Amino acid sequence: MTSAATLVPFASATADQATVHIDLGERSYPIRIAAGLLGDAATYAALPKAASALIVTNTTVAPLYLQQVRAALAGRYPQVHVVELPDGEAYKDWQTLNLIFDALLQHGCDRKTVLFALGGGVIGDMTGFAAASYMRGVPFVQLPTTLLSQVDSSVGGKTAINHPLGKNMVGAFYQPQLVVCDLASLDSLPPRELSAGLAEVIKYGPIADMAFFEWLELHIDRLRAGDRTAMAQAVKRSVEIKAWVVSQDEKETGLRAVLNFGHTFGHAIEAGMGYGNWLHGEGVGAGMVMAAHLSQELGMVDAAFVARLTRLIERAGLPTRGAVLDAQDNAGAYLEHMRVDKKAEAGEIRFVLIDGPGKATMRGAPDALVRQVIDWCCAPA
């Protein structure tokens, strides 16, 4: 069991199961990591009782895991309702969010109803936002079934939907009661989805823990192959780092922003290409390369570090070149999208940059320099 009060040193060996606690006072909760958790009734034994529960999932995940989760909850909740949403980032919008509210109202769900987010980051974000909003707040539980959601989006209470002009621009900070990372669910991930999740794992090294980064360099092939022991280690360390950061800055007023390394460029790619054309992790992968180059141009890291990070991202099966959003003025298109990023202040784009390996900072950069980096990083290799 790990406390989030301090970041414990990285240990290269771990058991195949762990519990990490995120320390937020009355809003604290455990993150359980092991295989076989989803269908085990004991997983949910400490949750608040209620007359009903609502499982929110999607058309891809439901055939895989819905039956076992529903059976595990049946002994605790007299009524277990289900709403299946369409799958994909393109559906992370108001119209799809309303399907959750429709189900809650149609079933007469009350303030004690517990929502269960069974799926990846899109399901987790939308279910959390619905839980924060319905009757001004009902309990919810994260059941992340993708690597990306297990190591990042399910932890920390960020909930949101997308707007055509920007990713995750409408939402709330709202913490779950429990996060359940069932490592067995990662076995069903297509290779592209697994690689996308590795982007969020890799980011933790440059911003906080170069010992973990070195471990990833040694074990990236095992992770891509879905090795259960390696995956348990990667998920546990990623969650430890995120819990440590969030416990100090729950609402992203300062430190927590460093978790967005690569995301400013990556969100621009996602929005500019149309949500769903690039996976979130693919945008973050290319975005980390771009942010590393910008860090180098500002004299914060050397070329060797940028090359090392780029190699690891490439080995993870992720793109290392940014998308072309506009053939006439690609850099201008990036800048337009980045100016509506949540980290922008008074129109100034704030970047998460690497201030020496293992340490991140937030700062602005001259548009001319940003344009130069974009042009270089989006050119054909």
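How many cavities of 30 Å³ or more does the structure hold? It holds three. A cavity is a set of points on a 1 Å grid over the protein atoms alone where a 1.4 Å probe fits but cannot get out. This is a predicted model: local features need pLDDT of at least 70, side-chain atom pairs count only at pLDDT 80 or more, and totals for chains, interfaces and linings use all residues. Residues are numbered from 1 along each chain as its sequence is written, and side-chain values use heavy atoms, without hydrogens and water.

The largest cavity has about 90 Å³ of space, the volume being that filled by probe spheres set on grid points joined across faces, edges and corners. Lining residues have an atom within 4 Å of a point. Of the 13 here, Gly 166, Lys 167, His 267, His 337 and Asp 341 are closest to the centre. Helix α9 (263-273) is among the elements that give two or more residues. Its share is the largest, at four.

Now the helices, which are DSSP runs of H or I with at least four residues, numbered from the N terminus. The axes of α10 (residues 280-297) and α11 (residues 303-315) come within 9 Å and cross at roughly 175°. Axes are lines fitted to C-alpha atoms over the stretch in contact, and angles run from 0 to 180 degrees between N-to-C directions. So α10 is roughly antiparallel to α11, a label for angles over 145 degrees. In the contact (heavy atoms within 4.5 Å), Met 288 and Val 289 are among the α10 residues, and Leu 309 and Ile 313 among those of α11.

Key: Angles under 35 degrees count as roughly parallel, over 145 as roughly antiparallel, 65 to 115 as roughly perpendicular and the rest as oblique. On a 1 Å grid over the protein atoms alone, a cavity is a set of points where a 1.4 Å probe fits but cannot get out, and a pocket is an open set with protein on both sides within 12 Å along at least five of seven lines; lining residues have an atom within 4 Å of a point.
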